[in-house]
Amino acid sequence: MARYIGAVCKLCRRENIKLYLKADRCYSDKCAITRRPKPPGQHGEKRIKLSEFGIRLREKQKVRRIYGVLERQFEKAFSRADRQKGRTGENLLGMLELRLDNVIYRMGFAGSRNEARQVVLHKHVLINGRRVNVPSYQVRVGDVVSIREQARAQKRIGMAIASAENRQLMTWLEVDRKAFTGTLKTLPVREELNEPAIREQYVVEYYSR
């Protein structure tokens with residue numbers, strides 16, 4: 001399975017915004033955006049004026065990197081969102097938010113989406129009592145997501161739960177972190193998905209060119 005194995009802090013610097021890819025580090029003074037607020041590379045300090053195409057490309061790349069999906073996966077998600085009723089951009093964000101790895105992150109059982117992906121791949125997650133190890137699995141309204149009892153003592157999960165107390169819980173989720181369980185109450189609410197800021201219409205325009 002293909003995956004990005006490069007330095008994730010460079011991705012934040014390239015998009016010039018915090019993408020929250022490294023858990024607690026992103027909230028500390030060690031954050032790359034705080035220490036080196038310029039694009040990576042030899043010519044990072046040069047100011048480059050983006051074209052209309054460049055603006056939309058950067059927005060597409062930003063959204064893709066926030067949720068940690070590769071280009072082919074992202075294109076497939078956009079294609080499915082485009083076939084659904086309603087606004088394509090909001091449909092796309094909704095599908096990305098309902099990925100199992102993202103739901104684990106939102107519930108606070110992982111410090112980042114990348115860490116949540118590892119938790120899922122290592123078969124530590126149950127959905128309605130059944131083990132699921134596919135990060136892209138689409139969680140449905142009413143599904144109960146829980147961490148396997150054998151994994152609840154893991155240090156990384158405990159640290160993630162502790163740090164999640166400082167993050168706002170989405171209203172469409174119901175979580176009991178002491179019991180290591182959570183439920184998807186409703187579909188994601190677009191107004192709550194603004195950290196980091198996302199302009200999904202630019203993504204739609206990029207693929208509609």
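Tutor: One caution before we start: this is a predicted model. Begin with contacts: among those in the chain with a separation of 6 or more, 56% join residues 24 or more positions apart.

Student: What makes a pair of residues a contact?

Tutor: Heavy atoms within 4.5 Å. Asn133 gives an example: leaving aside residues up to four places away in sequence, Asn133 touches Val120, Leu121 and Lys123.

Student: Where is Asn133 in the chain?

Tutor: In the loop between strand 2 (130–131) and strand 3 (144–147). Its C-alpha atom is 6.9 Å from that of His122, and the two residues are eleven apart along the chain.

Student: Why is Asn133 called partly exposed?

Tutor: Its relative accessibility is 32%. Buried means under 20% and exposed means over 50%. The value for Asn133 lies in between, so the label is partly exposed.

Student: What share of the chain counts as buried?

Tutor: 45% of the 209 residues. The accessible surface of the chain is about 12,300 Å², with 48% of that belonging to carbon and sulfur atoms.

Student: Which elements make up the chain?

Tutor: Nine helices and five strands. The order from the N terminus is α-α-α-α-α-α-α-β-β-β-α-β-β-α.

Student: How do you know that the length of helix 3 agrees with its residue count?

Tutor: Helix 3 covers residues 52–67, which is 16 residues.

Student: What makes helix 3 mostly covered?

Tutor: Twelve of its 16 residues are buried. Each of those is under the 20% cut-off. Among them are Gly54, Arg56, Glu59, Val63, Ile66 and Tyr67. Just after helix 3, Gly68 takes a positive phi of about 65°.

Student: How many cavities of 30 Å³ or more does the structure have?

Tutor: A search of the whole structure finds two. Ile66 and Tyr67 are in its lining, along with Glu97, Arg106, Arg113, Leu193, Glu195, Pro196 and Ile198.

Student: What makes that lining five nonpolar, no polar and four charged?

Tutor: Take the residue types. Ile, Tyr, Leu and Pro count as nonpolar, while Glu and Arg count as charged. The lining of the second largest cavity therefore divides into five nonpolar and four charged residues, with no polar ones.

Conventions:
Residues are numbered from 1 along each chain as its sequence is written. This is a predicted model: local features need pLDDT of at least 70, side-chain atom pairs count only at pLDDT 80 or more; totals for chains, interfaces and linings use all residues. Side-chain values use heavy atoms; hydrogens and water are left out. Helices (H or I, at least four residues) and strands (E, at least two) are DSSP runs, numbered from the N terminus. Buried means under 20% relative accessible area, exposed over 50%, partly exposed in between (1.4 Å probe, protein chains only). Accessible areas come from the Shrake-Rupley method with a 1.4 Å probe; for residues, only the protein chains shown count as cover. On a 1 Å grid over the protein atoms alone, a cavity is a set of points where a 1.4 Å probe fits but cannot get out, and a pocket is an open set with protein on both sides within 12 Å along at least five of seven lines; lining residues have an atom within 4 Å of a point. Grid points are joined across faces, edges and corners, and a volume is the space filled by probe spheres set on the points. The expected span of a helix is 1.5 Å times one less than its number of residues.
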